[in-house]
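Dear colleague,

I am passing on a structure for you to look at, and below it you will find some notes on what turned up. Please keep the view open while you read, so that each part can be looked up as it is named.

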Amino acid sequence: MNIFVGNLSFDTRDEGLREAFAAHGAVDTSQVVMDRDTGRSRGFGFVEMPDAAEANAAISALNGSDLGGRPLTVNEAKPRAPRGNGG
């Protein structure tokens, strides 16, 4: 299950995100989305967990919890909408 994690501290990195979710089950990937121009965190990320029951438990446990001094927004990620060609 792909999980959206919002309101991350700008100091949070992939490893910190992984550690928070690993306490609730197996984590395939964790990624904090970084700004292309500044190299700074954009304040959100994604975690992929293979087991849906563990993922739902992590969502319930971590939504609203504190990580890096900020309350997290955690929910199942919505599929990306197709983008236009831009031209």
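Is Val74 buried or exposed? Before the answer, please keep in mind that this is a predicted model. Val74 has a relative accessible area of 4%, and because anything under 20% counts as buried, Val74 is buried. You will find Val74 in strand 6, which covers residues 73–76. Leaving out residues up to four places away in sequence, Val74 touches Ile3, Phe4, Val5, Phe21, Ile59, Leu62 and Asn63.

In soluble globular proteins, nonpolar side chains tend to be buried together. Val5 may be followed in the same way: apart from its neighbours within four places in sequence, Val5 is in contact with Leu17, Phe21, Gly43, Phe44, Gly45, Val47, Leu72, Thr73 and Val74.

Next comes Ser30, which sits in strand 2 (residues 29–34). Its relative accessibility is 11%, so Ser30 counts as buried. The side chain of Ser30 reaches the backbone oxygen of Asp14 at a distance of 2.9 Å. Neighbours within four places in sequence aside, the contacts of Ser30 are with Asp14, Leu17, Arg18, Phe46 and Val47.

Finally, which residues line the largest pocket? They are Asn2, Gln31, Val33, Phe44, Phe46, Ala77, Lys78, Pro79 and Arg80, and the space in this pocket comes to about 200 Å³. Strand 2 and strand 3 (41–48) are the elements that give two or more residues to its lining. Sorted by class, the lining of the largest pocket consists of 5 nonpolar, 2 polar and 2 charged residues.

With best wishes

Technical notes
Residues are numbered from 1 along each chain as its sequence is written. This is a predicted model: local features need pLDDT of at least 70, side-chain atom pairs count only at pLDDT 80 or more; totals for chains, interfaces and linings use all residues. Side-chain values use heavy atoms; hydrogens and water are left out. Helices (H or I, at least four residues) and strands (E, at least two) are DSSP runs, numbered from the N terminus. Buried means under 20% relative accessible area, exposed over 50%, partly exposed in between (1.4 Å probe, protein chains only). A polar contact is a pair of N or O atoms within 3.5 Å; within protein, one must be able to donate a hydrogen and the other to accept it, and residues adjacent in sequence count only if both atoms are side-chain atoms. Contact means heavy atoms within 4.5 Å. On a 1 Å grid over the protein atoms alone, a cavity is a set of points where a 1.4 Å probe fits but cannot get out, and a pocket is an open set with protein on both sides within 12 Å along at least five of seven lines; lining residues have an atom within 4 Å of a point. Grid points are joined across faces, edges and corners, and a volume is the space filled by probe spheres set on the points. Ala, Val, Leu, Ile, Met, Phe, Trp, Tyr, Cys and Pro count as nonpolar, Asp, Glu, Lys and Arg as charged, and the others, Gly among them, as polar.
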